[in-house]
Amino acid sequence: MKKYILKAALALAAIITITACSNDNDEAITGTGALTLEFDNAFKANDLILTSQANTTANNEVLKISTVKYIVSNIVLTKEDGTTFTYPKSESYFIIDEATPASLEAQLKNIPAGNYTKVKFGIGVDKAQWELGATGQGDFLAKAQAAKMMWSWTAGYKFLAFEGTFTSSTVTTPTSFMIHTGQTGTDYNYTEITLDLATKALVRTNITPQVHIITDISKVVDGTNTIKLTDNNMGGMGAMIMSGSKLALITTNVNQMFKVDHVHND
């Protein structure tokens with residue numbers, strides 16, 4: 001009798017397992033949903049606070065940061081099976097501005113439902129888009145101008161605006177600094193970042209994942225390339241890095257600023 005009961009229990013367990021597997025396979029992930037990329041600006045391990053926060057660099061320069069803005073563009077999402085979804089280019093340009101909390105979330109819509117494991121995006125406006133001319137920029141040109149993320153149409157977009165004041169052992173009076181990346185001469189300084197998602201982003205018709213990305217703004221001057229503002233101090237004009245070979249070094253640093261902290265599937 002005990003053997004019969006055991007056999008029956010095992011048979012029932014097998015049926016339940018097969019049914020469960022069958023249900024998993026039959027439950028197709030269909031439709032479209034939304035996903036949010038949330039950019040959380042920090043300086044090293046500290047949440048970034050504009051104007052008042054003293055931030056010490058590797059060169060022992062103390063920065064009080066007043067402006068952090070950057071253009072996020074050309075977003076591509078990768079599913080767990082390796083297939084990709086390229087977000088429509090005309091809708092794929094966002095200005096992230098630390099002074100404007102609503103801008104810190106890039107809200108993406110009409111994304112095919114699926115389990116996503118990677119996100120790729122650019123910092124700046126890619127050259128092919130800029131070469132479409134002013135009339136080919138759609139609404140984004142006006143947005144960039146309003147946000148002061150253009151030098152001029154001829155000079156092009158600012159990809160990153162990083163500004164504030166600094167002091168050092170030799171510059172004891174708070175002195176302004178401005179770092180702007182973008183097109184300079186033959187260097188375009190656009191860069192793309194690919195980030196792995198440790199937790200899958202489950203895009204569904206009823207689930208909108210939020211991918212929390214920490215941007216370590218200290219990497220602008222403290223990345224692979226160490227930039228010393230004191231060495232770029234132009235006296236009454238402050239430290240200004242907006243052209244020249246150092247922008248390529250800063251662009252390499254910018255590529256290292258981003259990491260995924262976590263994913264909410266709510």
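**Salt bridges**

I began with E192, which is partly exposed, its relative accessible area being 36%. Before going further I noted that this is a predicted model, so I treat what follows as computed values.

I then looked up the partner of E192 and found a salt bridge with K120, in which the closest N and O atoms are 3.9 Å apart. The cut-off for such a pair is 4 Å, so I recorded this one as counted under that limit. The two residues belong to distant parts of the chain, with E192 in strand β12 and K120 in strand β8, 72 residues apart. K120 is partly exposed as well, with a relative accessible area of 30%.

Next I asked how many salt bridges the structure holds, and the count came to four. Another of them joins the side chains of D196 and K118, at 2.4 Å from N to O. Here D196 lies in strand β12 (residues 191-203) and K118 in strand β8, so this pair ties together parts of the chain that are 78 residues apart in sequence. D196 is exposed, with a relative accessible area of 51%, while K118 is partly exposed at 33%.

I also looked up D126 and K89, whose side chains meet in a salt bridge at 2.8 Å, N to O. Both residues sit in loops, D126 in the one between β8 (114-123) and α2 (127-130) and K89 in the one between β5 (84-86) and β6 (93-97), and 37 residues separate them. Is D126 buried or exposed? D126 counts as buried because its relative accessibility is 9%, which is under the 20% limit, whereas K89 is partly exposed with a relative accessible area of 36%.

**Cores and strand β6**

Turning to the interior, I kept in mind that nonpolar side chains tend to be buried together in soluble globular proteins. The largest nonpolar core here has 50 residues, and those touching the most other members are L37, F39, I75, F121, F162, I217 and F258. Strand β4 (residues 62-79) gives the most to this core, with seven residues.

I followed F39 in detail and, not counting residues up to four places away in sequence, found that it touches Y70, V72, I96, L104, A106, F121, I213, T215 and F258. There is also a second, separate core of 15 residues, which includes Y93, I95, A161 and Y188.

I then checked β6, where five of the five residues are buried. Both faces of β6 are covered, with Y93, I95 and D97 on one side and F94 and I96 on the other. Strands β4 and β6 run antiparallel and are joined by five bridges, and S73 stands opposite Y93 in β6.

**A42**

My last entry concerns A42, which I located in strand β1 (residues 32-43). A42 counts as buried because its relative accessibility is 7%. Which residues is A42 in contact with, leaving aside its neighbours within four places in sequence? I listed D47, L48, I214, T215, D216, I217 and S218. T215 is also touched by F39, and I217 is one of the residues that touch the most other members of the largest core.

Note on methods: Residues are numbered from 1 along each chain as its sequence is written. This is a predicted model: local features need pLDDT of at least 70, side-chain atom pairs count only at pLDDT 80 or more; totals for chains, interfaces and linings use all residues. Side-chain values use heavy atoms; hydrogens and water are left out. Helices (H or I, at least four residues) and strands (E, at least two) are DSSP runs, numbered from the N terminus. Buried means under 20% relative accessible area, exposed over 50%, partly exposed in between (1.4 Å probe, protein chains only). Contact means heavy atoms within 4.5 Å. A nonpolar core is a set of buried Ala, Val, Leu, Ile, Met, Phe, Trp, Tyr and Cys residues joined through side-chain atoms within 4.5 Å. Two strands pair if DSSP finds at least two bridges between them.
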